[in-house]
Amino acid sequence: MRTIDRIRSYIVTQQNAGLLKPGSRLKSCQDLMRECGGSYATVRTAMSKLQQEGLVDIRNGVGTFLAGGSPLAVRLNLNSAILPATKLQKLLDKFLAQTELNLEIEYHLHKQQASETGRLDFSMDTPEITITSYANSLHSHASLLTRFPDYPELLHNLRLIEPTDNHTVIPFCYFPYQMAFSRALLQRIGFPLERINCSFDWWEDYVTCCRRAGIVPVSAHWPTNSTIHFSNFLGPLLALIEYDKQNYCNRNPLFATQEGRRFLQIIKDTYLYRTAPDQQSFYGGKTGMAFMIGSWIMAQNHIPDWPDCQVDDLVIVPLMHCERRILPIHVNYLSVHLPDHLNADENKRIWALIKLLLSHDFQQDFCSQTGSCSVRGDIGASEYTWNADERGNEFFPASPDDLVVHTGRVFNESVLTALTLLAEDYLFYGADAEVTLQRMDEKKNLENTVPQIYHGMDAEVTLKNI
């Protein structure tokens, strides 16, 4: 065994035994010569290489120390709609206390919505980990994760499979979406839940019952500062018209069909609110249903941290097409920015933090608190506290044949913008329905200009080991 290997093994053994902590002073070169063998020059060369590996920290004129003794500031960017800052800090602090990473986390929670397109406020000098679902908000200087030797091993443990050559991002968690109803409001208007199906042949009767009782049939967020909120209606579209990549992208009519006309009528019957929260919305308890509601509601409904989510007697109804369950999912990704001035030890500590964030125990706790689903393959549906009573089973596939669809990739952003504007022309400015449907079919085939993170990815994804 080489001298460097003997010294490395000696240090790691001492560390694993608890005899060395980050920042602990190591033996002198003379002592290491006696302990591990080799000449003085060989030991000095070995220690220099171990410093390059990030194992030791050599301070000229002071001594050699186990790396990791100096605190490392790391900025963590996360959408505040996923988890309040106090809960995120408490959760991460619990796990960091079990490590010796010596990290000082700066929590930066933003309020970006799915419809927003601006970039987050990033720093170039501070290492940053960003968790977001919006590709155009990822750090423009995100670092390649392939620099870490065990990156492929980490990917192997993930259940969300997406074909991509982009190694600056990694799936972190995801939210499945389904239809949701207020059983209390359905009972109030006298409409039986049993009539609900995804052919929407009950729609006109349902709307009539709601309006007779003075209740809003369905609501959706339609902010003025966005051009992609057509995605709020992907649920009924996927239920009415079976998803097929060719069908949704070729020149054949998709919207100018019988199903497309029903779809346009559904949009017309929807209460669109500009700003959130809105007391007349589904989340305010004043609307009978929502087309696309994330699994997050299982953890946020009637919770003090989320006073704007108050749905009585919540019922989740799975989107279906021809007996096949459809699961639109909204994926959150993790990226990291590693400034050039970081040394090997600092890079290793940040990678250790990333692995902690993707570990079984952290993912289980994080997803239980947020109502999300882990990307890991070893966490089952019943292990989330929000689904302990199986009330959220509709958010999971019931069969291997069920369709899991990435909401951000059914249509690219250019198409979503065009479809949104066409829908607005029809809803607010009197555009003809048939002309609108024909123009939607023309625009659904716009050239793919999806951001870099989406290149090479299909809308249909695979969940393994469920």
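Guide: Let's go through this one term by term.

Guide: First, some ground rules: this is a predicted model, where local features need pLDDT of at least 70 and side-chain atom pairs count only at pLDDT 80 or more, while totals for chains, interfaces and linings use all residues. Residues are numbered from 1 along each chain as its sequence is written, and side-chain values use heavy atoms, with hydrogens and water left out.

Visitor: What makes up the protein chain, in helices and strands?

Guide: There are 15 helices and 16 strands. Both are DSSP runs numbered from the N terminus: helices are H or I with at least four residues, strands are E with at least two. The C-alpha atoms fill a box of roughly 90 × 45 × 40 Å along the principal axes.

Visitor: Why is Phe200 called buried?

Guide: Buried means under 20% relative accessible area, exposed means over 50%, and partly exposed is in between (1.4 Å probe, protein chains only). Phe200 has a relative accessible area of 0%, so it counts as buried. Phe200 sits in the loop between helix 6 and helix 7, and has a positive phi of about 60° although it is not a glycine.

Visitor: And what about Glu323, buried or exposed?

Guide: Glu323 has a value of 74%, which is why it goes down as exposed. Glu323 is another non-glycine residue with a positive phi, near 70°, and its place is the loop between strand 12 (319-321) and strand 13 (324-337). For the protein chain, buried residues make up 52% of the 466 residues.

Visitor: Why is the pair Arg195 and Asp205 called a salt bridge?

Guide: The rule asks for a side-chain nitrogen of Lys or Arg within 4 Å of a carboxyl oxygen of Asp or Glu. In Arg195 and Asp205 the N to O distance is 3.1 Å, and the pair is a salt bridge. Arg195 lies in the loop between helix 6 (183-189) and helix 7 (203-212) and Asp205 in helix 7, so the pair ties together parts that are 10 residues apart in sequence. Arg195, at 33%, is partly exposed, and so is Asp205, at 39%.

Visitor: How do you know that Glu204 and Arg262 form one too?

Guide: Their closest N and O atoms are 3.4 Å apart, and they form a salt bridge. This pair links distant parts of the chain, with Glu204 in helix 7 and Arg262 in helix 10, 58 residues apart. Arg376 and Asp378 form another salt bridge, at 2.8 Å. Here Arg376 is buried at 12%, while Asp378 is partly exposed at 38%. By this rule the count comes to 18 salt bridges.

Visitor: What makes the buried residues of helix 15 a one-sided set?

Guide: In helix 15 (residues 433-443), the buried ones are Thr436, Leu437, Met440 and Asp441. They cover an arc of only 140° around the axis, which puts them on the same side of helix 15; that arc is taken from the directions from the helix axis to the C-beta atoms. An α-helix has 3.6 residues a turn, so residues three or four places apart point the same way. Their cover includes helix 10 (258-268) and helix 14 (413-429).

Visitor: Why is Asp432 said to cap helix 15?

Guide: Asp432 caps the N-terminal end, because a side-chain oxygen lies 3.0 Å from the backbone nitrogen of Glu434, and a polar contact is a pair of N or O atoms within 3.5 Å (within protein, one must be able to donate a hydrogen and the other to accept it, and residues adjacent in sequence count only if both atoms are side-chain atoms).

Visitor: What makes a group of residues a nonpolar core?

Guide: Its members are buried Ala, Val, Leu, Ile, Met, Phe, Trp, Tyr and Cys residues, joined through side-chain atoms within 4.5 Å. The largest core has 125 residues, and Phe366 and Phe411 touch the most other members. Its largest share, 10 residues, comes from strand 7 (residues 169-182). Apart from this core lies another, of 16 residues, including Ile4 and Leu26.

Visitor: Last one: which peptide bond is cis?

Guide: The bond from Ala276 to Pro277 is cis, with omega near 5°. Pro277 lies in the loop between strand 9 (271-273) and strand 10 (287-294).

Definitions and conventions. Contact = heavy atoms within 4.5 Å.
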